[in-house]
Amino acid sequence: MLRLLRLLLLLLPPPGSPEPPGLAPLSPGAPPQAPDLLYADGLRAYADGAWAQAVALLREALRSQAALGRARQDCGASCAAEPGAALPAVLPGAPGPDSRQESWEPLLLRAALRRAECLTQCSARRLGPGGAARLRVGSALRDAFRRREPYNYLQRAYYQLKKLDLAAAAAHTFFVVNPTHLQMREDMAKYRRMAGIRPQSFRDLETPPHWAAYDTGLEHLGRQEVGLALPLLEEALQGSLAQVESCRASCEGPEEQQGLEDEEEEGAGGQGGLYEAIAGHWIRVLQCRQRCVGDTATRPGRSFPVPDLLPDQLRRLHEAYAQVGNLSQAVQNVLSVLLFYPADEAAKKALAQYQAQLGEPRPGLGPREDVQQFVLRSLGEKRQLYYAMEHLGRSFRDPDAWTPETFIPEALREKLREDQEKRPWDREPPQPKPLTYWKDVLLLEGVTLTHDARQLNGSERAVLDGLLTPAECGVLLQLTKDAAGAGARSGYRGRRSPHTPHERFEGLTVLKAAQLARAGLWAARVPKLLLEVSERVRTLTQAYFLPERPLHSSPSNLCGRSGIEGQEQRMDLSHPVHADNCVLDPDTGECWREPPAYTYRDYSGVLYLNDDFQGGDLFFTEPNALTVTARVRPRCGRLVAFSSGVENPHGVWAVTRGRRCALALWHTWAPEHKEQEWTEAKELLQEPEEEEEEEEEEEEEMPSRDSSPEPPSRRLQRVQDKTGKPPRVREEL
């Protein structure tokens, strides 16, 4: 207790002082404490409603985790420069004219052991007795920090302490990496409506600074403010390289290798002696290091990296330096581009132009030293990994498009080429079948293609009829009525639409429908129909747009929009024009694929249940959000399917009378964003009928009616799985 009190006194600001923005650094010289213990204590304090104590412990857990990462990075850098501890950049046993197998094995063994000893001693100096072993955390906790879960608890605790600016910052930090978290999305909307929260409070406390510098630099370039853009682009490049180094430092040590042990290929596992163990460890380190470029190029909350981030930064730099007349720097950066792509015609042409403008040759003018070192080191590691593929049966997926083909052994080139040919969507997506084909095929299933993309004046759009029979529409419409009658218990309750004050909005998820069927609110066949219809739409969408690439269901909702009486003459929209996976800017026609948009969505669908209402037509527009290109009237069993990007901005005309009911569905190519609720609902409906769940498991936390985020439960609820699985902490707070 005394230790905890001392910790609180260190962390909490003195009376009357403002809370510092972000997270303050640890006291100089103080070793970090165990992040897992701090996090567990913070969750206990949160569950007990001790908000100040929870904030202090959770913040200290975040600080300790960051300090642990910095210590690993610093130790990795210092040990790499230690005499005799530098591991070879190029494997001497790899194919090459000077390969001498008898000389490199002792060298590698000696360097590996010396480096391990150096890392152990350094971590003990930086982290205190026991070093990294004392602070080692499991994969579950590392995943929790990677998903930024501490910020979810922090935002609620800050809200209870009336620190709204810090609550908004913590909420935004969590939401950037978890854009699909529905409760947080609702909380974010409420924070934005609060008058006391400043816009600058919505900041990301964790995103690496190179992204902010890069994005701001691009904004200045777009406004032709090259002088302002240059220092930011330089900062972004240096920050990207530093982030790569930080990631590479974390690739060594027992903590990170723990989760990689399971990734070893069949036949290349743990049999053999000391040399085989060292080789296996070193290969995993190299694989981890090669992934660091992709990790650095992946924006928070995104599934895929920005292609060719480093070469693209260098291209922008050499063009910007040329515009301000600094030709020496322009030459240096374009030569750096040629390190990645020696045959790049645009770069070679720019280099010739810069050299002609400079006049006399300058022998000392070459590529950037840091970039040259990065490229040479990366190529050396690739050579070793391809050698391991060819001779040791290991696998390696090269993350870079710029790797020279000469680095790939002849025996592997054909196989890698065949692997690329098996994924045609990586180059050019196949074109949809013609209208005549689909009229013949879909008629066999009772589905007709009413309008294709050409008839809808756009691309990747389609209207299909006949997906539901009138009887099926009736069953699902009755479900909406029963859910509305259940009120807060089902979640399908009428509340003001987030898009217009003139309508009420209602929604029901597939999982909630299944849970309430188990509770006896309606027959199990009703949510089973909902599941079947969702899968029917997914299958048809995949077959129509891209049959060769698997499409996964993303969260879907049964929703209703009802016009409020006396508002028939209104001029606003039921849902403003938007795109489903990017933030649309009608002024420029740009669509930014970043939070708060659901960036993982690839295809969207709306399946209508009725037409007995006024208004509510779906319409497509140009990216300016003004020019309407197509309009679709809802009817029972009609599906409007389309790609989710900037090519398909859409909105909904006002519902002036009656209730418009539809099933909204989204689909994704990314399997990690596959809807888990759909699977849970299917499993729930397949289980035999049992007695009702405990009351606390039945009653889900529902959004509050007021304009402030709903306070969390005063204890961490635990649910017991029917199949005997161990209890787990609920993710929704």
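Is cysteine 582 buried or exposed? Cysteine 582 is buried, because its relative accessible area is 6%; buried means under 20% relative accessible area, exposed over 50% and partly exposed in between, with a 1.4 Å probe and protein chains only.

## Basis

This is a predicted model, in which local features need pLDDT of at least 70 and side-chain atom pairs count only at pLDDT 80 or more, while totals for chains, interfaces and linings use all residues. Residues are numbered from 1 along each chain as its sequence is written, and side-chain values use heavy atoms, with hydrogens and water left out.

## Disulfides between helices

The structure holds 4 disulfides (pairs of cysteine sulfur atoms within 2.5 Å). One of them joins cysteine 75 to cysteine 122, S to S 2.1 Å. This pair links distant parts of the chain, 47 residues apart: cysteine 75 is in helix H3 (residues 51–80) and cysteine 122 in helix H4 (residues 101–127). Helices are DSSP runs (H or I, at least four residues), numbered from the N terminus. The S-S torsion is about -85 degrees, so the disulfide of cysteine 75 and cysteine 122 is left-handed.

Cysteine 247 and cysteine 292 are also joined, S to S 2.1 Å. Cysteine 247 lies in helix H11 (residues 226–249) and cysteine 292 in helix H13 (residues 274–296).

Cysteine 582 bonds to cysteine 591, S to S 2.0 Å, and the link is right-handed, with 90 degrees about the S-S bond.

Cysteine 559 is in no disulfide; its nearest cysteine sulfur, that of cysteine 661, is 8.3 Å away. Cysteine 661 counts as buried at 1% relative accessibility.

Conventions: Helices (H or I, at least four residues) and strands (E, at least two) are DSSP runs, numbered from the N terminus.
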